[in-house]
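Subject: Handing over a structure, with notes

Dear colleague,

I am passing a structure on to you, and below it you will find my notes on what was found. Please read them with the structure open beside you.

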Amino acid sequence: MKRITIIGTGYVGLVSGAGISNFGHQVRCVDIDKQKIDLLNDGSIPIYEPELKTLIARSVNAKRLTFSVAVEDAIKWAEVIFIAVGTPQGENGEADISAVIAVAERIGINLNNYKVICTKSTIPIGTGQMIQKIIDQHNHDKIKYDYCSNPEFLREGAAVRDFLHPDRIVLGTTSDKAFEYLKDVYRPLYINETPMVHTTVETAEMIKYAANAFLAIKISYINEVANLCDEIGADVHVVAKTLGTDGRISPKFLHPGPGFGGSCFPKDTKALVEIAKKYNIDMATVTAAIETNIFQRKRMLNKLNDLLDNDLKGKIIAVLGLAFKQETDDVRESPAIEIITGIHDKGGIIKAYDPIANDSMKEIFPALDFKSSWYEAVEGSDAAVIMTEWNEFRSMDLEKLKNLMSQPVVLDTRNILNVSELKRLDFKFDNVGHRVA
Ligand code: UGA
């Protein structure tokens with residue numbers, strides 16, 4: 001059993017804290033945001049993430065997990081420290097690592113005995129070296145420590161499952177001792193034969209960006225294929241499914257849609273291109289994936305425009321789904337933001353609804369007309385646009401939808417509605433490469 005401190009209680013920090021404490025370790029999750037820590041100590045979770053509340057409650061009840069703002073105490077107490085603070089997109093597309101730098105300084109100042117210091121936040125390749133330099137500058141007593149990069153691959157909405165059942169654990173370490181410490185942290189996974197990749201810090205940092213960029217390229221690729229399917233009358237679902245039967249391609253992340261969003265792919269693809277520029281490397285495929293993604297979002301607005309005969313002015317449009325994907329309340333870089341702005345610019349009237357993310361979107365569009373059910377949102381509307389693949393939209397009663405709307409016009413940007421049913425009910429509809437199904 002190890003004493004572990006996790007600095008930062010965002011998605012990665014909180015899920016890691018819950019997961020690692022469930023492995024049997026003593027974990028302190030710390031943050032400078034007192035409001036967040038108070039909320040956690042009251043038994044609430046600041047984010048919507050399936051299964052997280054239960055996992056946290058189990059560890060808190062077993063006295064293996066605590067939340068606090070006492071960052072310095074927690075640094076001194078720990079054998080292993082995970083840095084899991086946010087690295088949002090800064091200016092020029094580069095990641096803003098100021099929070100990571102501040103944490104490194106604090107660790108350096110408070111280093112009191114040997115520790116493994118491990119970064120989980122997604123940081124530009126090469127930042128590990130910088131973190132070590134910052135720690136060294138403040139570590140006046142030259143106390144020994146080892147640095148490690150341990151990137152996370154969890155997805156929002158499936159974060160707990162991804163943490164407890166990962167495809168692999170990547171450990172970029174500066175010593176074998178640090179690797180042994182971290183093997184111990186992940187012992188239950190190690191015993192279950194989860195592959196542990198022991199590599200250098202730089203390689204671990206690279207793996208994280210390479211993985212996210214590759215998935216983003218896959219999505220942009222299938223979106224382009226879907227767009228061509230639209231034009232030539234092919235069904236992208238059959239195409240994607242068949243591509244996926246080739247083990248070299250795999251069926252995952254081949255679902256077409258309104259373009260990728262969230263806090264990771266848009267930010268990490270841009271950051272990777274910027275990092276590469278510094279080394280005079282042109283990441284042409286990643287750049288293309290970014291451009292395709294921008295185009296894909298515009299294409300959704302064009303589709304809506306076409307469905308409404310190029311006249312959105314004064315039309316009532318129900319936007320169903322605001323989160324960047326299902327099972328999350330996160331609206332960062334959500335394609336819904338663009339469609340809302342686009343409809344608004346063309347003079348349309350929006351009624352918005354999301355089962356979970358209304359409040360998050362309210363922070364971006366405070367004056368938007370938010371509804372508390374899809375029924376309310378579609379009532380009297382001239383068109384409905386599905387932006388997020390929530391299950392409650394998948395199981396929508398299309399007859400009811402038609403009866404509630406003032407005219408049956410639907411844009412399904414997630415391809416979740418039954419095309420035969422839409423045709424049978426005489427909907428005027430569009431989706432992403434799946435019209436002929
Ligand atoms: C992503 C990665 O999947 C995680 O492995 C990684 O750990 C995480 O970023 C991160 O770097 O922290 P996340 O952004 O939570 O996770 O969500 P994804 O499920 O990957 O979806 C990202 C976007 O791609 C969403 O907008 C989603 O709708 C879109 N997407 C995904 C598609 O359009 N098609 C697909 O087939 C899959």
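Throughout these notes, contact means that heavy atoms lie within 4.5 Å. The model is a predicted one, in which local features need pLDDT of at least 70 and side-chain atom pairs count only at pLDDT 80 or more, whereas totals for chains, interfaces and linings use all residues. Residues are numbered from 1 along each chain as its sequence is written, and side-chain values use heavy atoms, with hydrogens and water left out.

Alanine 383 belongs to strand β12 (residues 383-386), where helices (H or I, at least four residues) and strands (E, at least two) are DSSP runs numbered from the N terminus. Its relative accessible area is 1%, so alanine 383 is buried (buried means under 20% relative accessible area, exposed over 50%, and partly exposed in between, with a 1.4 Å probe and protein chains only). Between alanine 383 and valine 410 there are 5.6 Å from C-alpha to C-alpha, although the two are 27 residues apart in sequence.

The overall picture

The protein has 19 helices and 14 strands. Its radius of gyration is 23 Å, close to the 22 Å that the globule rule gives for 437 residues, so the protein is as compact as a globular protein of that length (the radius is taken over C-alpha atoms, and the rule is 2.2 Å times the number of residues to the power 0.38). Along the principal axes, the C-alpha atoms fill a box of roughly 75 × 50 × 40 Å. Of the 437 residues, 56% count as buried, and among contacts between residues at least 6 apart in sequence, 73% join residues at least 24 apart.

Helices that pack together

Two packed helices are described by the angle between their axes and the distance between the axes. Here the axes are lines fitted to C-alpha atoms, for helices over the stretch in contact, and angles run from 0 to 180 degrees between N-to-C directions.

Helix α10 (residues 201-232) and helix α12 (residues 265-278) pack at about 115°, with their axes 9 Å apart. The crossing of α10 and α12 is left-handed, a term used if the near helix is turned anticlockwise from the far one by less than a right angle, with right-handed used if it is turned clockwise. On the α10 side the contact residues include Met206, Tyr209 and Ile219, and on the α12 side they include Phe265, Leu272 and Ile275. By class, this contact of α10 with α12 has ten nonpolar, two polar and two charged residues (Ala, Val, Leu, Ile, Met, Phe, Trp, Tyr, Cys and Pro count as nonpolar, Asp, Glu, Lys and Arg as charged, and the others, Gly among them, as polar).

Helix α12 also packs with α13, their axes coming within 10 Å and crossing at roughly 145°, again in a left-handed crossing. In this contact, Thr269, Lys270, Leu272 and Val273 of α12 meet Val286, Thr287 and Ile290 of α13.

Helix α13 (residues 284-307) packs in turn with helix α14 (residues 335-345) at about 45°, with axes 9 Å apart. The two helices α13 and α14 are therefore oblique to each other (under 35 degrees counts as roughly parallel, over 145 as roughly antiparallel, 65 to 115 as roughly perpendicular, and the rest as oblique). Their crossing is right-handed, and Arg297, Met300, Leu301 and Leu304 of α13 meet Pro335, Glu338, Ile339, Gly342 and Ile343 of α14.

Single residues to look at

Isoleucine 4 sits in strand β1 (residues 3-7) and is buried, at 0% relative accessibility. Glutamate 51, in the loop between α2 (34-41) and α3 (52-61), has a positive phi of about 75° although it is not a glycine, and it is partly exposed at 48% relative accessible area. Asparagine 310, in the loop between α13 and β9 (316-320), likewise has a positive phi, of about 60°, and counts as exposed at 56% relative accessibility.
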